[in-house]
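Here is a short report on how the inside of a protein model is packed. Please look at the sequence and the structure first.

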Amino acid sequence: MISTPSRATLLLFSLSLFTAAPAATTLRAANAPAAELSMDQMWGDAKVKVGLESSDRVALFRDGNYGMFIHWGLYSHLGGQWRDQTFYGIGEWIKRQMKISEPEYFALAKDFNPAAFDAREVVRIAKSAGMKWIIISSKHHEGFAMFKSAHPFNIVDATPFHRDPMKELAAACREAGLGFGFYYSHNQDWTAPGGGNGPTKNPDGSPASFDQYFKEKCYPQVKEICTQYGPLNFIWFDTPGKMPKEHAAQLADLVRQTQPNALLCSRIGYGLGDYVSKGDMEVPPRNMDGLWETCDTTNDSWSYAWYDQNWKDTREILHRLVATVARGGTYLLNVGPDGQGRVPAQAAKYLEKAGEWIRRYPQVVYAAGSSPWGHAQPWGDVTTSGNTLNLVVFDWPAHGRLLLPGLQTEIAAAGVVSGGKLLPVTWKKRGTWTELQLPAAPPDRPATVVAVKLRGTPKADETLAVFPDQPSTLLVEFADVTEAKKEEIRWMEKFGEWKFANQVSAWKPGGQAKWTVDVAVAGDYQLELTYKGEGRLVCRIETDEGVKLQNQQTSSPVYHGYPFGLVTFRQPGKHTITVSLADGAPDKASLKAIRFNPAE
Ligand code: GLC
């Protein structure tokens, strides 16, 4: 019995008839689509472009500092579930990770009908969150266009929804005065013949090239999103993998010609972006110059996943937003609407609570500068508004006594920001430290802002500090490492749920990690090392005052904090502390941080 081709197969077949070459461009035969690359390798070479910061074109990004990312596609209809199996990972990768065939995937479209989608509601959430623009997935790696495209695999032609939500959202953003832009997966396309990690053959069995995908789908669609949705602020390409440079360059040219104000993130590849997109979910521990962004998500998955309830609460959203701005960056925080087009209630709830806080302290985020310390403090973080420090205190110090290590610019005034007023606080110098006397209890939750007006440009000694009243964690990022390897590593907890750390490993004899620290108060500190490894490790710790510790502790394959003993600083002031591996598997021992807990 000849099976009548399903709608999906017809769709697939019709695609192969579809041809729309871009303007007369000679595209050299492209290399084979990206082979299986690690996610890192897919992110493209991020070159910080210093010097662009001053142009008006980047004002929204540079001063807005906070945008909404939206991952919404045919994958949202699955919500992390395929037949009777749950895919525990970033939901937009479900087709590839659960090995769903193209015909099966095409068939999903006929049931995708996000009737609850309300562009104005999405914009209302973004605005109430304090976000200044929205970037939404117009076509993700799955190859399904969430906009009306000449390519038939799209939400208007292939689903009962028959609406163009991108058109609706673009209009709602414009109406509300929000910036707007598109995510577009330019290399990976798992349903288009020739697309990165996609089918290598056409429906008729002939070989499909990346060049074909680029001409038939990628370039025409990027032209559609750049010319049919009004002025755009961003085009966010992703995972360039090993797509040929000339293709990426053509897309960059197309965007420059049609959307001169749109910013390209570095994931277009080949250094063609306007700003650096850090690794997924990565807030750098040290300030970075130039224009850059951390993209993060309100739970662990970019797109909706039924099981993923790991929502960031108000404190965590603000902590990561403030940390990103304090390092000099912009924070792009993602929501994943479900198959009905609704933003998950818990995501909206905490975004809006965080937005309430931001409305009380807009100066902390918008047009704010980075911390003069170059890194976070144990009690929170610092952004700047001109010559004023915005101390954002998440962990209130005992008795309200807040310490600033190594502030080098004189204070003119200081006060707790409350209801737009400044409630004066007193301060005094203690050596190179400054002690602010705040109220005994924190006036606001989850963070209080203390404004410190300075008599000049904010300057501070970037030396890491050991606080006498709160735990101080020193990352190996800030250590001088000799005869061992210091590197940034990334790993995925679940697929796509990226974590990162700086670690010291591959210890050679005499290998050591040395920190210079500024100790406010002499005395005893419980010392803890955070490391992972195999078997038992013996670490030696030594201070410049000749205090020595050597102890054996077990290890585990994941980072864990192990107590190594009490270390004494006999004098306050600058000290060095050195950690070396005295015994244990030198190639397995990976040190992440050292932590000082003031002894009671
Ligand atoms: C990674 C993932 C992609 C996601 C992006 C968000 O590139 O592959 O699914 O859209 O991160 O930053």
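The sections below cover the nonpolar cores, the aromatic pairs and the charges over rings.

## Basis of the model

This is a predicted model: local features need pLDDT of at least 70, side-chain atom pairs count only at pLDDT 80 or more, and totals for chains, interfaces and linings use all residues. Residues are numbered from 1 along each chain as its sequence is written, and side-chain values use heavy atoms, with hydrogens and water left out.

## Nonpolar cores

A nonpolar core is a set of buried Ala, Val, Leu, Ile, Met, Phe, Trp, Tyr and Cys residues joined through side-chain atoms within 4.5 Å. Buried means under 20% relative accessible area, exposed over 50%, and partly exposed in between (1.4 Å probe, protein chains only). The largest core has 117 residues. Tyr66, Met68, Ile134, Leu169, Ile235 and Leu351 touch the most other members. Helix H9 (residues 210-227) gives the largest share of this core, 8 residues. Helices (H or I, at least four residues) and strands (E, at least two) are DSSP runs, numbered from the N terminus. Domain 1 (59-364) and domain 2 (380-461) both contribute residues, so this core lies between them. The domain bounds come from an automatic or database domain assignment.

Take Ile235 as one example. Its contacts (heavy atoms within 4.5 Å) are Phe182, Ile225, Cys226, Val255, Ala262, Leu263, Leu264 and Cys265, not counting residues up to four places away in sequence. A second, separate core holds 33 residues, including Ala484, Val519, Leu537 and Tyr562.

## Aromatic pairs

Rings of Phe, Tyr and Trp (its six-membered ring) pair if their centres lie within 6.5 Å; planes under 30 degrees apart count as stacked, over 60 as edge-to-face and the rest as tilted. The count comes to 34 aromatic pairs. Trp72 and Phe117 are stacked, 4.6 Å centre to centre, with 25 degrees between the planes. Trp72 lies in the loop between strand S1 (66-70) and helix H4 (74-78), and Phe117 in the loop between helix H6 (102-108) and helix H7 (119-129), so the pair ties together parts that are 45 residues apart in sequence. Both Trp72 and Phe117 are buried.

Tyr531 and Phe564 pair edge-to-face, at 6.2 Å centre to centre and 65 degrees between the planes. Tyr531 is in strand S25 (residues 523-532) and Phe564 in strand S28 (residues 560-569), 33 residues apart. Tyr531 counts as buried at 2% relative accessibility.

## Charges over rings

A charge sits over a ring if NZ of Lys or CZ of Arg is within 6 Å of the ring centre and within 35 degrees of the ring normal. Lys167 places its charged end over the ring of Tyr229, 4.5 Å from the centre. The charged end of Lys532 sits over the ring of Trp491, 5.7 Å from the centre.
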